[in-house]
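Please look over the sequence and the model below before reading on, and keep both in view as you follow the text.

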Amino acid sequence: MHSTLQITFRDIAPSDAIDSYVRRRAEKLDSAEGRLVACHVAIEAPHRHKHHGRHYRVRVDLTVPGAALVVDRCPDEGHACEDVYAAIDQAFDHAVRRLREAKQRRAVG
């Protein structure tokens with residue numbers, strides 16, 4: 001990955017497996033879009049629910065030439081966020097869409 005990648009864990013124990021999964025997703029994002037300058041991923045488990053399991057929030061801050069993009073997948077968006085890997089996938093899938101939209105805006109404007 002050519003860009004700077006930073007991963008932060010909040011209210012969740014750091015995990016090598018999650019770390020490597022995020023790194024793989026970030027590498028794919030960088031190779032697909034190719035213009036990332038920086039990427040900061042924050043993974044957190046803000047609440048402990050007694051009946052519905054633990055929900056995860058993933059925030060991806062991206063810096064590309066001329067723009068900064070923020071993708072925030074919140075635990076209130078459904079049960080898929082009960083799985084940290086699904087939450088990471090949702091955030092990075094949304095990041096791809098945001099990068100493509102930014103790229104189209106740059107091409108038009």
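Predicted model: local features only at pLDDT ≥ 70, side-chain atom pairs only at ≥ 80, totals over all residues.

Residues are numbered from 1 along each chain as its sequence is written, and side-chain values use heavy atoms, with hydrogens and water left out.

The protein contains two helices and six strands, where helices (H or I, at least four residues) and strands (E, at least two) are DSSP runs numbered from the N terminus. Along the sequence these elements follow the pattern β-α-β-β-β-β-β-α. Of the 109 residues, 39% are buried, a word that stands for under 20% relative accessible area, with exposed meaning over 50% and partly exposed in between (1.4 Å probe, protein chains only).

The largest nonpolar core has 31 residues, and those with the most contacts inside it are Val 41, Ile 43, Val 60, Leu 62 and Ile 88; such a core is a set of buried Ala, Val, Leu, Ile, Met, Phe, Trp, Tyr and Cys residues joined through side-chain atoms within 4.5 Å. At least two residues of this core come from each of S1 (4-10), H1 (16-33), S2 (38-44), S5 (57-64), S6 (67-73) and H2 (84-108), and the largest share, nine residues, is supplied by H2. H1 and H2 pack at an angle of about 15°, with their axes 11 Å apart, where axes are lines fitted to C-alpha atoms, for helices over the stretch in contact, and angles run from 0 to 180 degrees between N-to-C directions. That angle makes H1 roughly parallel to H2, because angles under 35 degrees count as roughly parallel, over 145 as roughly antiparallel, 65 to 115 as roughly perpendicular and the rest as oblique. Among the residues of H1 that take part are Ile 18, Val 22 and Leu 29, and among those of H2 are Val 84, Ile 88 and Leu 99.

Arg 25 lies in helix H1 and is buried, with a relative accessible area of 16%. Not counting residues up to four places away in sequence, Arg 25 touches Ile 88, Asp 89, Phe 92 and Asp 93. Asp 19, also in helix H1, touches Ile 7 and Phe 9 when residues up to four places away in sequence are not counted.

Key: Contact = heavy atoms within 4.5 Å.
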